[in-house]
Amino acid sequence: MKTIIEYQKLFKKGEPTPSDLLSSCLKKINPSLNAYITVTEELARKGLEKDIKGKLNGIPVAIKDNINIKGVPTTCASNVLKGFIPPFSATVIERIEKNGGVFIGKTNLDEFGMGSSTERSFYGPTRNPYDRAKVPGGSSGGSAVAVASGSAVISLGSDTGGSVRQPASYCGLVGLKPTYGRVSRYGLVAFASSLDQIGIIGRNAEDVGIMLEVIAGYDPKDSTSSKKELEDYGNLNKISKNIKIGLPEEYFEQIDDEVYSSVMEIKKALEKEGISFKSVSLPTTDYIIPTYQVISYAEASSNLARYDGVRYGLRRNGENFHDTIRKSRDEGFLPEVKRRILVGTFVLSSEAIAEYYERADLIRRLITQEFNEVFKEVDYLMTPATPTPAFPIGDRTDDPIRMHLSDRMTAGVNLAGIPAVVAPAGMIGKLPIGYQIIGKPFEEKGILSVVRLVEKIAPFKGFLKEVHDD
Amino acid sequence: MTDYKPTIGIEVHSQLKTATKLFCGCPVSFGVDANTNVCSVCLGLPGVLPSLNKKAVELAIKAGLALNCEIHTKSIFARKNYFYPDLPKGYQITQYRFPIATSGEILVEGKKIRIKRVHLEEESAKSMHEKDCSLIDYNRSGVPLIEIVTEPDIDSPEMAVAYLKKLQKILQSTGISGAVMAKGEFRCEPNISVSKEKGKLGTRTEVKNLNSFRAVKNSLTSEIKRQIGILEKGGIVEQATIHYSEKTEKTRVARLKEEASDYRYFPEPDLPPLLIDENRIREIEKGLEELPEEKTERYIELGLLGEDAITISNSKKTSKLFEETLKILNEPAEISKWLVRDYRSLNEPDISAEHLAEMIEMVLKGKISRNAGAEVLAEMVKTKKTPEQIVRQRNLSQISDSSALEQVVREVFEENPEELARLKAGENKLIGFFVGEVMKKTSGKADPKEVSRIVSEYEKKY
């Protein structure tokens, strides 16, 4: 596997042609990994026929199956959306098409993005290509595995509490969650609207930056998208060595020793380049998971109310309207989604809203404020991406509390609406592990530049070869 | 029975006159084929997001202004969550804690009705129940509405109807809403309670399903009876939703409060807070002013001559003075005469409505003559003194004391024996001559009508 820019050069020589690349990607789709819910070979071939010259000319892209592509089923890995084919494409899909990218398939996820392992899918679990007994992370596990196993050059996921970054960490990839509003959400099936952001999973910072150049920017169809000017996110080689990176103490608690030492290796390498580090504190870190749960479940309970069997998707007729809705939803959703809808409904109820939803909203503001304060002292923050490497399939499915553990590292960023990127920090045994760089709002170029620098200087450069390369 | 006092508040849902829906570009229209004006957004398909219709926001601001509300430069959309097949997203986008406008009032038959709030929200789809199935038409889904809520300031079914008629007229004349009840563009839900004790409110019920003003009046009358009936028997009125049947003209309990849903309102995360520029509010306020043609029409209804009505409405300054004076002195035709004949020939100077009303009232009561009135008006412009001061200082008070006038008439008769003889011979037009002479003698202070009466009576005695 090569980078997007390398492929663009090779395509000019015709070795390989975009069609050759697509064929080789299709060959690498391994059903036992279960990364895809729908493979869209025909759509990709048609895309190539258009021969559009753009930043993603001929690049096979995998799309998480909660982002609409017109005419292709969107399942959100849920039975409730059975048979639903969207009549419109997401804004990000239109932008990729305009830049010549082609869609190889729709990838597996935890139902509606609700999970950290891609096990809770109506279409079965996705497996980690480094160790098939392990989870790939989630909820964008399918998109991570598609890239890690070489069936796509790059992929899109969605990140509500870490759903792009945590699987990137478990699969040895670069995963970016942009600033809230940087990328249009139009056409992304909502889980928690105030936290959701479409993210990118790629092999390196530059590929991710190029994809961001393509998909970012204001969209009149998404009132929460930002008009802030864009940057050349793929151009990452210039970085000031005067930057200061903060290490938030709380993010180094409750993590595996090996994870700690991997992140410290990155720190050492950057220090050699003259970059300075400072220990900082984010005392609200312990409140991240409960706050995230209350807000995301509340919004989800409302966002998922539309799946009632009346207009599309699974329908089980009952005795009356409400019975039909009840039966359709009962059969349509898996237990974890039901659990979240129930809790979300409760925290918004008139008896509980002040104690739960409103309090969580207040703490969310404190968390945001704390990030703002710490960014007065440092330019970026560096943290582990996850407390541990990938865990075994089936290990946490009955334990929602443990399943949420990795959110402690990632969900604060969603609550604050700021950008963060996860990239490989090394291997722990057979499994990759990542570090995370967090930036101020709209500092995507900055955080990707730090990752680019690490790619150049890190002692383990090229460690992903065994899984990625032909 | 009679010592029970009803207390009524009313919620009105009115459809805004926009070309497109509140959150998508689908046309708003009435009477087209079912499910033809629909798109992914108003069908609530997975992945869609709302984009707010600016025109709807402007009309909501306009409504707030027309109802004398405070317009909030920041308001917030909220989701009202409940399951119903005609609600495609499982929630309605509305405004809850922070509506676009609050604290207004309008005058209805001299009584002030306070407006609690005006907020924007989207319409639901329309269900139709057939024999063996239910059908849904989503053409209506997402049509923009405003909800207008009063304080409980209405005290009778008649007043409720008067309020609704006035509100309907305001919404129609300002182009905010077609407000046609039969088209469902203007729907009212009154809430009502009765109580014997002054200042203490009873338990209220909410009346639904009212499709005409007649239904509003009859349902409230019936509901007042129903509630009093319960209380008289020593019962308790339960908080409930009431349905009114046009057929029986009676109200019945449809659903008790305990069965009501918990709507789990929370801020709509797909829409940022609605921020409105102060200048934009002022611009819309300007646009709310009545057009001259509309004013003319209204003035003619008040009893003004067509030409006068046009003259007054064509001048902003004169029409403003007219309206202000009319508030103090309910004599539209008189005020109009003074404005058209005298005020405008003085080049529309700045004068106060209070002083103008005071002067006209003096003339109408015969305290000063019309001529003296004109003099007072001219002096008011020059000196800014009150009419009363001017009349006193210039000794303009009219002589209407008949004995004093009789004396002057006698003098004039003696001075003009020839004319008197002709008058006596039946040449009645000479009455005018004598009246003129008397007016001259009294420097215009005499009441010409009175003088004319005396002249007619006295010529016989001489």
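# Reading two chains, strand by strand

Trainee: What makes strand S10 and strand S11 of chain A a pair?

Mentor: Strand S10 (residues 420–428) and strand S11 (residues 431–438) of chain A are joined over eight bridges in the antiparallel sense. Two strands count as paired if at least two bridges are found between them, so with eight bridges S10(A) and S11(A) are called a pair. Within this pairing, Met427(A) stands opposite Pro432(A) in S11(A). Please keep in mind that this is a predicted model.

Trainee: Where do S10 and S11 stand in the strand order of the sheet in chain A?

Mentor: The sheet is open and has eleven strands, with the order S1-S3-S2-S4-S6-S5-S10-S11-S9-S7-S8 in chain A and mixed pairing. Direction ignored, neighbouring strands of this sheet are turned by 30 degrees against each other on average.

Trainee: Why are strands S1 and S8 of chain A said to stand at the edges?

Mentor: Strand S1 (36–39) and strand S8 (276–280) of chain A each have a single partner strand, so one side of each is left without a neighbour in the sheet.

Trainee: Which strands of the sheet does helix H5 of chain A touch?

Mentor: Helix H5 (residues 141–148) of chain A packs on the sheet and touches S1, strand S2 (60–64), strand S3 (102–107), strand S4 (154–159) and strand S6 (197–202) of that chain, while the direction of the helix makes about 160 degrees with that of S4(A). The loop between S3 and H5 of chain A holds Ser139(A), and the peptide bond leading from Gly138(A) to Ser139(A) is cis, with omega near 10 degrees.

Trainee: How do you know whether Cys76(A) is buried or exposed?

Mentor: Cys76(A) has 31 C-beta neighbours inside 10 Å, and the cut-off for a buried residue is 20 or more, so Cys76(A) counts as buried. This residue lies in the loop between S2 and helix H4 (91–98) of chain A, and its phi is near 55 degrees, a positive value in a residue other than glycine.

Trainee: How do you know whether Ala179(B) is buried or exposed?

Mentor: Ala179(B) has 21 other C-beta atoms within 10 Å, and with the cut-off at 20 or more, Ala179(B) is therefore called buried. Its phi is also near 55 degrees, a positive value in a residue other than glycine, and its place is in the loop between helix H2 (157–173) and strand S11 (186–195) of chain B.

Trainee: What makes Gly47(B) count as buried?

Mentor: Gly47(B) has 22 C-beta neighbours inside 10 Å, which reaches the cut-off of 20 or more, so the residue counts as buried. It is found in the loop between strand S1 (5–15) and H1 of chain B, and residues of chain A that it touches include Asn68(A), Pro86(A) and Leu188(A).

Trainee: How many residues does each chain bring to the contact between chain A and chain B?

Mentor: The contact takes 36 residues from chain A and 24 residues from chain B. Helix H9 (288–303), helix H10 (321–332) and helix H11 (335–348) of chain A each supply at least two residues of the side that touches chain B, and by class that side has 17 nonpolar, twelve polar and seven charged residues.

Trainee: Why are strands S2 and S14 of chain B placed at the edges?

Mentor: Nine strands of chain B form an open sheet in the order S2-S6-S7-S10-S1-S11-S12-S13-S14, with mixed pairing. Strand S2 (70–71) and strand S14 (250–256) of chain B each have a single partner strand, so one side of each is left without a neighbour in the sheet. Helix H1 (residues 54–66) of chain B packs on this sheet, touching S2, strand S6 (101–108), S7 and S10 of chain B.

Trainee: Which stretch of chain A has a pLDDT below 50?

Mentor: Chain A averages a pLDDT of 94, and 97% of the residues score at least 70, but over residues 465–470 of chain A the pLDDT is below 50. Where pLDDT is low, the predicted coordinates should not be read in detail.

Key
Residues are numbered from 1 along each chain as its sequence is written. Chains are lettered from A and ligands numbered from 1 in the order in which they are written. This is a predicted model: local features need pLDDT of at least 70, side-chain atom pairs count only at pLDDT 80 or more; totals for chains, interfaces and linings use all residues. pLDDT is the predictor's confidence in each residue, from 0 to 100. Two residues are in contact if their C-beta atoms, placed from the backbone, lie within 7 Å. Helices (H or I, at least four residues) and strands (E, at least two) are DSSP runs, numbered from the N terminus. Axes are lines fitted to C-alpha atoms, for helices over the stretch in contact, and angles run from 0 to 180 degrees between N-to-C directions. Ala, Val, Leu, Ile, Met, Phe, Trp, Tyr, Cys and Pro count as nonpolar, Asp, Glu, Lys and Arg as charged, and the others, Gly among them, as polar. A residue is buried if 20 or more other C-beta atoms lie within 10 Å of its own, exposed if 12 or fewer, and partly exposed in between; C-beta atoms are placed from the backbone. Lists of a residue's contacts leave out its neighbours within four places in sequence.
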